[in-house]
Amino acid sequence: MSALEKSMHLGRLPPRPPLPGSGSSQSGAKMRMGPGRKRDFSPVPWSQYFESMEDVEVENETGKDTFRVYKSGSEGPVLLLLHGGGHSALSWAVFTAAIISRVQCRIVALDLRGHGETKVKNSEDLSAETMAKDVGNVVEAMYGDLPPPIMLIGHSMGGAIAVHTASSNLVPSLLGLCMIDVVEGTAMDALNSMQNFLRGRPKTFKSLENAVEWRCEGITSPEGSKSIVEGIIEEEEEDEERSESVNKRKKEDDMETKKDHPYTWRIELAKTEKYWDGWFRGLSNLFLSCPIPKLLLLAGVDRLDKDLTIGQMQGKFQMQVLPQCGHAVHEDAPDKVAEAVATFLIRHRFAEPIGGFQWKLLNGSEQYLTSS
């Protein structure tokens, strides 16, 4: 399974909470429980990680669209966070808590159109152009003609949208750009097998707890989904040669299933296939051409394509590889991602360190110092 395939898990699901005292969500899905104790898969409230929530109204030709944002912090640059395809702004929850404790900044995590709690007139238009305009419109609606300094940070699809937003000059106060584990070459290679992956997911869930359990266990182990039977109906592959009577019976069965298993995906990513090419084709050159400081965070160096390899050798952007992470790097290693972003902000004098976080350059290598 490719890295991009793993990114398309759908998302109004809450993030994994960190272990007590760990400061990281990396092991959140493998909580140590005593003998006989049942693991708790109850949803975690957004207020545990963000300070406030707001629905931002954007005017357009057909009326008003409403974009959900989650916010933290009151001073410093705005870090505008764009989630991956099928995720939501809540994907950034643990990272938000980690970065806020290291540098003086403001967090705005946005539910992109068709995702999370955002409500738009045309939720099926997920073109790069439309979603980039959404980002610019939300910034204008929130801050008017004088927006504060803003750094765009995007994961996977969100990283692509961040680049399209930056290259189109839709955020006038943009000071920096960060892509997390999205590379044009790897993404384009993965698109051919995406539909097969989407057909292999559970179709519905009996409860939110079942959905959280599947996300915590079913996608982390090849055998995980086999142990999560109760509450999950596996999606069947469509057979074009089925007779009309079989299709009719299947529809009736699906109706009964929905009654017993009311939770399904917020967005049908399979229907957005016509936009996938537009998200990623030409992305590397667009990223390299943005005339602002840039940061690329990857789960593995093998993800670099030719254009980015050349650009990295020419010093056109900063790059950091965070090993032993899955595609959702900011969820698997929120503290490491927060340290990388905080160091980037401090190095360029975009933000001031707080909470004992210090950074300095020693013999040409970055050193992180955090207080215990």
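A crossing of two helices is left-handed if the near helix is turned anticlockwise from the far one by less than a right angle. The legends below describe close-up views of a predicted model.

**View 1. Helix α4 crosses helix α9.** α4 covers residues 157-167, and α9 covers residues 273-280. The crossing of α4 past α9 is left-handed. Their axes lie 9 Å apart, at an angle of about 55°. That angle makes α4 oblique to α9. On the α4 side, the contact is made by Met157, Ala160, Ile161 and His164. On the α9 side, Gly278, Trp279 and Phe280 make the contact.

**View 2. Helix α3 packs on helix α4.** α3 covers residues 128-143. The angle between α3 and α4 is about 75°, and their axes are 9 Å apart. Angles of 65 to 115 degrees count as roughly perpendicular, so α3 is roughly perpendicular to α4. From α3, the contact uses Ala128, Met131, Ala132 and Val135. From α4, it uses Met157, Ile161, His164 and Thr165. Met157, Ile161 and His164 of α4 also belong to the contact with α9.

**View 3. The largest nonpolar core.** This core holds 49 residues. Leu80, Leu82, Leu110, Leu177, Trp279 and Phe287 touch the most other members. Helix α4 gives the most to the core, with 6 residues. A second, separate core has 41 residues, including Ile99, Val103, Leu297 and Ala342.

**View 4. Surroundings of Leu110.** Which residues contact Leu110, leaving aside its neighbours within four places in sequence? Phe67, Arg68 and Val69 are among them.

View 5. The model has 11 salt bridges. One of them joins the side chains of Lys71 and Glu54, at 2.6 Å from N to O. The pair links distant parts of the chain. Lys71 sits in strand β2 (residues 63-72), and Glu54 sits in strand β1 (residues 52-60). Lys71 has 24% relative accessibility, so Lys71 counts as partly exposed. Glu54, at 28%, is also partly exposed.

View 6. Glu129 forms a salt bridge with Lys133. Their closest N and O atoms are 3.4 Å apart. Why are these two separated by about one helical turn? Glu129 and Lys133 are 4 residues apart in helix α3, so about one turn lies between them. Glu129 is exposed, with a relative accessible area of 54%. Lys133 is partly exposed, at 43%. Elsewhere, salt bridges that share partners join Glu57, Glu59 and Lys64 into one network.

**View 7. The Lys119 and Glu117 pair.** The side chains of Lys119 and Glu117 meet in a salt bridge, at 3.7 Å from N to O. Is Lys119 buried or exposed? Its relative accessibility is 52%, so Lys119 counts as exposed. Glu117 has a relative accessible area of 23% and is partly exposed.

Key:
Residues are numbered from 1 along each chain as its sequence is written. This is a predicted model: local features need pLDDT of at least 70, side-chain atom pairs count only at pLDDT 80 or more; totals for chains, interfaces and linings use all residues. Side-chain values use heavy atoms; hydrogens and water are left out. A nonpolar core is a set of buried Ala, Val, Leu, Ile, Met, Phe, Trp, Tyr and Cys residues joined through side-chain atoms within 4.5 Å. Buried means under 20% relative accessible area, exposed over 50%, partly exposed in between (1.4 Å probe, protein chains only). Contact means heavy atoms within 4.5 Å. A salt bridge is a side-chain nitrogen of Lys or Arg within 4 Å of a carboxyl oxygen of Asp or Glu. Axes are lines fitted to C-alpha atoms, for helices over the stretch in contact, and angles run from 0 to 180 degrees between N-to-C directions. Angles under 35 degrees count as roughly parallel, over 145 as roughly antiparallel, 65 to 115 as roughly perpendicular and the rest as oblique.
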